[in-house]
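Hello,

Here is the structure I promised to pass on. Please open it alongside this note. My findings follow below.

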Amino acid sequence: MSMTSVRSNVDFSMTSTTDALINGMTISPAAGDYLAVFTMHFDNLAVAQALEFSIYVGGVIIQHTERRVDIEGSIAVAGNMAMVCLTAQVTPTAGQAVEARYRRPTGNATAKRRTLTLFSSASSNFQQATAT
């Protein structure tokens with residue numbers, strides 16, 4: 001199994017109300033089967049809000065990767081970090097980018113430490129169950 005990863009610690013202001021690339025979180029691997037893992041810490045900037053995150057391949061959302069993080073008012077303190085983690089089996093074709101994206105239905109936040117990692121593996125090695 002091989003691994004490809006991108007990381008960033010550069011602050012990135014998340015202000016988009018539509019799905020947008022999280023700065024630096026894109027990989028264009030060789031065609032194949034991968035386990036995608038995305039993790040990120042973010043500062044909620046002392047505002048009660050909600051942020052939504054997902055994984056895309058070739059510009060198309062991977063269903064069931066959407067995760068919503070709600071920061072309610074009593075814990076909305078500047079410098080208080082929240083975290084999100086997404087995982088998915090992805091099968092890009094040659095030239096397709098695997099990306100982590102976000103949108104903010106409410107509020108504003110600053111992305112801090114973030115990593116997108118792809119682990120290559122045969123599709124027969126994956127067992128995935130989805131509950132909705």
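Is Ala109 buried or exposed? Ala109 is buried, because its relative accessible area is 0%, and under 20% counts as buried. Keep in mind that this is a predicted model.

Ala109 is found in strand 10.

Met14 leads on to the core. The largest nonpolar core has 29 residues. Those that touch the most other members are Met14, Ile22, Phe38, Met40, Phe42, Phe53 and Val90. At least two residues come from each of strand 2 (12-14), strand 3 (20-27), strand 4 (34-43), strand 5 (49-57), strand 7 (67-71), strand 8 (81-90), strand 9 (98-106) and strand 10 (109-120).

Ser16 lies in the loop between strand 2 and strand 3. Ser16 counts as buried because its relative accessible area is 16%, and the cut-off is under 20%. A polar atom of the Ser16 side chain lies 2.6 Å from the backbone oxygen of Thr18. Beyond four places in sequence, Ser16 touches Tyr102, Arg103 and Arg104.

Best wishes

Terms used: Residues numbered from 1 in each chain as written. Predicted model: local features only at pLDDT ≥ 70, side-chain atom pairs only at ≥ 80, totals over all residues. Heavy atoms only, no water. Core = buried A, V, L, I, M, F, W, Y, C linked by side-chain atoms within 4.5 Å. Buried < 20%, exposed > 50% of the residue type's maximum accessible area, 1.4 Å probe, protein only. Helix = DSSP H or I, 4+ residues; strand = E, 2+ residues; numbered from the N terminus. Polar contact = N/O pair within 3.5 Å; in protein donor to acceptor, adjacent residues only side chain to side chain. Contact = heavy atoms within 4.5 Å.
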